[in-house]
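Please open the structure in your viewer and keep the selection tool at hand. The tour below moves from one selection to the next and says what is found at each stop.

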Amino acid sequence: MAGLITMDDLTNEQILEILADAERLLPVARGEIYLPLLQGRILGNLFFEPSTRTRMSFETAMKRLGGDVVNLGDVKTSSVVKGETLFDTIQMVDGYTDIIAMRHPRQGAAQYAQDAASVPILNGGDGAGHHPTQTMLDLFTIKQAHGRLEGLKVVLAGDLRYGRTVHSLSHALTRFGCELIFASPDLLKMPEEIVSDLRAQGADVVETEDLYDSMNDADVVYMTRIQKERFADEDEYARCAGAYKLHARHLNEVKTDMIIMHPLPRVDEIDPSVDATRHARYFEQAFNGVVARMALLCRLLGVPVPEVVQGGAL
Amino acid sequence: MSNEHSMRRVTAIRNGTVIDHIPSGQAMRVLEMLGIGGATAVPVSLVMNVPSKKMGSKDIIKVEDREVTQPELDRLALVAPDAHVSIIRAYSVAEKLTINLGEEVVNVVRCTFSNCITTNLREPQDHRLKVVKRDPLQLRCHYCGRPQDLAELANNVL
């Protein structure tokens with residue numbers, strides 16, 4: 001396998017294998033045991049736009065496995081500001097590292113980088129395009145909660161137009177036969193080409209503007225942030241944002257094992273009253289970013305995860 | 001009406017290129033893709049929506065004193081992949097050219113999506129559009145994966 005640019009780079013079988021690897025690596029991710037599977041390997045972190053969780057969890061994942069990380073640092077102080085092309089930056093970092101994690105504001109940048117590089121590229125988000133490592137941690141979180149991925153009913157809510165997280169995730173869930181409900185304001189609907197792609201793959205997709213009504217028999221509710229800057233007028237923003245705000249009182253009728261996820265950061269879309277409910281999974285989900293990325297780093301570097309994970313105590 | 005009658009709607013040319021079997025209504029887009037506009041000095045004749053046995057109706061273009069080049073044929077493949085192109089010399093067909101629309105269109109046009117990485121023209125890698133479907137033509141960018149706006153492609157010729 002070269003790199004991970006979109007979820008199409010993985011078969012369902014590979015996805016399940018990587019999730020199983022991740023499950024076994026949990027004690028390593030928690031720091032309970034030390035297992036330096038990636039000792040001597042270097043990850044290049046190339047984040048051309050801001051990232052907290054993705055960048056930090058890649059770094060943590062690599063270090064928990066005994067590997068090292070070099071960072072591009074702030075784009076404003078790198079040679080990008082001097083006008084260096086992405087092609088040249090990749091050529092350079094390719095020589096310094098064994099694998100590259102990258103986020104870029106332009107769509108297609110990860111594939112472009114993979115074509116230019118000899119080391120694997122892990123796409124950490126390219127414009128409004130794909131974010132497959134987030135999808136892997138989302139799938140891990142869902143499987144952890146429900147024990148399976150197949151045939152679940154998943155509500156994706158909020159900004160479905162610009163949110164790359166939900167684009168990658170909905171493709172992956174379709175491959176596992178999940179029923180998808182897209183709940184969003186009209187302005188932020190899932191792009192038409194994605195809906196038609198999903199339907200062509202046999203997905204059962206329902207589009208609605210009513211979040212609360214669609215939650216009752218769902219297994220997963222995946223919330224996303226509605227960004228104020230997407231709206232021309234503030235009243236419209238307030239109306240839309242208000243209709244996609246989850247509060248503990250909205251959860252009385254939902255299934256007991258339904259989980260609420262969010263790629264974070266959240267603003268107002270999940271009220272803190274939800275945090276203490278049995279449904280909240282977004283902080284575990286953020287932690288799972290480490291373990292999912294650990295499993296992906298091992299897979300892309302060709303390092304098998306032992307069937308029984310044992311290591312030295314810290 | 002026979003094909004011969006359709007061809008005779010405009011006079012025969014001495015030297016140049018005849019593009020026949022253009023899908024009806026696409027002649028203007030063909031001219032755009034070939035960069036032939038008001039400022040072009042050579043005479044250009046165009047007939048649109050003439051009956052055709054094979055296609056029902058079709059468009060035909062005759063460009064005098066200009067022979068289409070391979071890069072122009074590659075662009076033509078995006079709007080009229082089944083067109084017949086003949087090079088005319090001294091009133092006779094000197095050459096028949098074949099349009100090949102392969103699996104991928106490389107360095108002919110750039111992606112129509114404004115936030116694609118390839119919109120930075122300083123990036124040196126090839127511009128690559130994958131042919132997803134031939135009839136009707138559907139293209140996607142190799143890098144960003146976006147479906148291409150065919151009407152916009154003429155503005156993105158490289």
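Begin by selecting α5(A) and α10(A), whose crossing is right-handed in this model, which is a predicted one. Helix α5 covers residues 132–146 of chain A and helix α10 covers residues 282–300 of chain A, and their axes come within 8 Å while crossing at roughly 115°. The two helices, α5(A) and α10(A), are therefore roughly perpendicular to each other. To see where they touch, show the side chains of Thr133(A), Met136(A), Leu137(A), Asp138(A), Phe140(A) and Thr141(A) on α5(A), and on α10(A) those of Glu284(A), Gln285(A), Asn288(A), Gly289(A), Val291(A), Ala292(A), Arg293(A) and Leu296(A). If you colour this contact of α5(A) with α10(A) by class, you will find six nonpolar, five polar and three charged residues.

Next, select α3(A) together with α4(A), a pair of helices whose axes come within 9 Å and cross at roughly 50°. That angle makes α3(A) oblique to α4(A), and the crossing in which α3(A) passes α4(A) is right-handed. The residues that make the contact are Leu86(A), Phe87(A), Ile90(A) and Gln91(A) from α3(A), and Ala109(A), Tyr112(A), Ala113(A) and Ala116(A) from α4(A). By class, the contact of α3(A) with α4(A) is made of seven nonpolar residues and one polar residue, with no charged ones.

Now centre the view on Ala157(A), which has its place in strand β6, residues 153–157 of chain A. Is Ala157(A) buried or exposed? Ala157(A) has 27 other C-beta atoms within 10 Å and is therefore buried. Leaving aside its neighbours within four places in sequence, Ala157(A) is in contact with Ala183(A), Ser184(A), Leu211(A), Val221(A), Tyr222(A), Met223(A), Thr224(A) and Tyr244(A).

Then turn to chain B and select its open sheet of five strands, which are antiparallel in their pairing and follow the order β2-β3-β1-β4-β5. At the edges of this sheet in chain B lie β2 (44–52) and β5 (92–97), each of which pairs on one side only. Neighbouring strands of the sheet are turned by 20° against each other on average, direction ignored. Within it, select strand β1 (residues 16–23) and strand β3 (residues 56–64) of chain B, which pair in the antiparallel sense over six bridges; Thr17(B) stands opposite Val63(B) in β3(B).

Finally, show both chains and select their contact, which takes 15 residues from chain B and 14 residues from chain A. The side of chain B that touches chain A has, by class, eight nonpolar, five polar and two charged residues.

Terms used. Residues numbered from 1 in each chain as written. Chains lettered and ligands numbered in written order. Predicted model: local features only at pLDDT ≥ 70, side-chain atom pairs only at ≥ 80, totals over all residues. Contact = placed C-beta atoms within 7 Å. Nonpolar A, V, L, I, M, F, W, Y, C, P; charged D, E, K, R; others polar. Pairing = 2+ DSSP bridges. Helix = DSSP H or I, 4+ residues; strand = E, 2+ residues; numbered from the N terminus. Axes fitted to C-alpha atoms, helices over the stretch in contact; angles between N-to-C directions. Parallel < 35°, antiparallel > 145°, perpendicular 65-115°, else oblique. Left-handed = near helix turned anticlockwise from the far one by under 90°. Buried ≥ 20, exposed ≤ 12 C-beta atoms within 10 Å, placed from the backbone.
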